[in-house]
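Have the viewer open as you read.

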Amino acid sequence: MAETEIERAFTTLAEAFSTTESEIHEEISLVEQQIEELKSRIIQLNEKQETLAHDKEAIAEMYNRYCSDSNEPAVEF
């Protein structure tokens, strides 16, 4: 009879470990998905930042060309 109780205890522990392992794998998958989404977002934001830097440079050139006095130093935005 003791063997049966021990077997049940080990079965219960094995089930608990399986459940915990499944939960951990699921959470890891979710985190990996979030990481990929964040990488994509970083790429998008870097592209926007490059566009803004280019636009800022173009505006500064236009301002210096059309609005500044020739005696004043060039403006940087």
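Lys39 is partly exposed, at a relative accessible area of 45%; here buried means under 20%, exposed over 50%, and partly exposed in between, with a 1.4 Å probe and protein chains only. Side chains of opposite charge can pair when their charged atoms come close. Both Glu36 and Lys39 sit in helix α1, three residues apart, or about one turn of the helix. By this rule, the count comes to one salt bridge.

A word on the ground rules: this is a predicted model, where local features need pLDDT of at least 70 and side-chain atom pairs count only at pLDDT 80 or more, while totals for chains, interfaces and linings use all residues. Residues are numbered from 1 along each chain as its sequence is written, and side-chain values use heavy atoms, leaving out hydrogens and water.

Now follow helix α1, residues 2-66, to Phe10. Phe10 is exposed, with a relative accessible area of 56%. Together with Ile6, Leu13 and Phe17, Phe10 makes a nonpolar surface patch of about 460 Å². Patch members have over 30% relative accessible area and no salt bridge; like charges are joined within 9 Å, and nonpolar side chains (Val, Leu, Ile, Met, Phe, Trp, Tyr) within 5 Å.

Finally, zoom out. The protein chain has one helix and zero strands, taken as DSSP runs numbered from the N terminus (helices H or I, at least four residues; strands E, at least two). Of its 77 residues, 1% are buried.

Key. Accessible areas come from the Shrake-Rupley method with a 1.4 Å probe; for residues, only the protein chains shown count as cover. A salt bridge is a side-chain nitrogen of Lys or Arg within 4 Å of a carboxyl oxygen of Asp or Glu.
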